[in-house]
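Here are my notes on the model, as numbered points. Please keep the structure open while you read.

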Amino acid sequence: MAAKPPQDDFDTEEASATPPLDVGRLGDLLGFHLRMAHVAIYRDFAETMEELALTQKQLAVMELISANPGASQIDLANTLGTDRATMMALVNRLAARDLVERRPSAADRRRQELHLTTAGRAMLARARKLIDRHEQHFIDLFSGDEMAALLTALKRIYKGN
């Protein structure tokens with residue numbers, strides 16, 4: 001009598017043999033396709049950044065601070081469309097890793113300016129090399145004209161133009 005394969009192997013084999021579901025009406029919904037594209041990009045990003053332990057939001061915050069030294073948490077929250085509490089938590093995590101620092105503003109002592117630390121600039125340089133590879137993986141799926149059109153269309157969605 002043949003031994004039954006371990007349950008995990010059986011489940012994996014069975015799952016791969018299952019035909020994909022008919023997505024029905026979802027196949028005609030823009031939001032569904034945007035979500036599926038987001039999931040594909042997110043998964044690849046997470047795998048790419050695993051060695052640096054950076055999330056998409058953390059990297060976005062670091063990029064914004066790099067491009068706008070002295071920006072405040074409120075400035076970043078407004079740009080990324082997130083609430084102040086979420087932004088404070090993101091900045092706190094980056095500060096705990098010594099990647100970002102808060103400094104009082106010379107013009108308004110109530111305002112905290114954000115700056116990358118030396119370690120933050122080094123981490124961002126490493127992350128940029130990885131992100132370039134990650135981005136190229138998806139850019140290569142399109143011609144130059146298609147990529148330009150895709151970016152224009154996506155911006156139209158979130159900017160409303």
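1. Serine 72 touches Arg111, Gln112 and Leu114, leaving out residues up to four places away in sequence; contact here means heavy atoms within 4.5 Å. Serine 72 sits in the loop between α3 and α4. Helices (H or I, at least four residues) and strands (E, at least two) are DSSP runs, numbered from the N terminus. Serine 72 is buried, at a relative accessible area of 6%. Buried means under 20% relative accessible area, exposed over 50%, and partly exposed in between (1.4 Å probe, protein chains only).

2. A word on the basis of these notes. This is a predicted model, in which local features need pLDDT of at least 70 and side-chain atom pairs count only at pLDDT 80 or more, while totals for chains, interfaces and linings use all residues. Residues are numbered from 1 along each chain as its sequence is written, and side-chain values use heavy atoms, with hydrogens and water left out.

3. Arginine 111 is in the loop between β1 and β2. Arginine 111 is partly exposed, at 29% relative accessibility. Beyond four places in sequence, arginine 111 touches Gly70, Ala71, Ser72, Asp75, Arg103, Pro104 and Ser105. A polar atom of the arginine 111 side chain lies 3.4 Å from the backbone oxygen of glycine 70.

4. Glutamine 112 belongs to strand β2. Glutamine 112 is partly exposed, with a relative accessible area of 35%. Which residues does glutamine 112 contact, leaving aside its neighbours within four places in sequence? They are Ala71, Ser72, Arg102, Arg103 and Pro104. Glutamine 112 is also 39 residues from glutamine 73 in sequence, with 7.7 Å between their C-alpha atoms.

5. Next, helix α4. Gln73, Leu76 and Ala77 are buried in α4. Why do they line one face of the helix? Seen down the axis of α4, the buried residues fall within an arc of 100°, so they line one face; the arc is that of the directions from the helix axis to the C-beta atoms. An α-helix has 3.6 residues a turn, so residues three or four places apart point the same way. The buried residues of α4 pack against α3, α5, β1 (100-104) and β2 (112-116). The face turned away from the buried side of α4 carries Asn78 and Thr79, both exposed. Just after α4, glycine 81 has a positive phi of about 65°.

6. Two other positive phi values deserve a look. Alanine 53, a residue other than glycine, has phi near 55°. Alanine 53 is in the loop between α2 and α3. Aspartate 98, again a residue other than glycine, has phi near 60°. Aspartate 98 is in the loop between α5 and β1, and counts as partly exposed at 45% relative accessibility.

7. Histidine 134 is in helix α6. Is histidine 134 buried or exposed? Histidine 134 is buried, at 2% relative accessibility. Its side chain makes a polar contact of 2.6 Å with the side chain of aspartate 44. A polar contact is a pair of N or O atoms within 3.5 Å; within protein, one must be able to donate a hydrogen and the other to accept it, and residues adjacent in sequence count only if both atoms are side-chain atoms. Setting aside neighbours within four places in sequence, histidine 134 contacts Ile41, Asp44, Phe45 and Thr48.

8. Last, the chain as a whole. The chain has 7 helices and 2 strands. From the N terminus, their order is α-α-α-α-α-β-β-α-α. Of the 161 residues, 24% count as buried. Among contacts with a separation of 6 or more, 54% join residues 24 or more positions apart.
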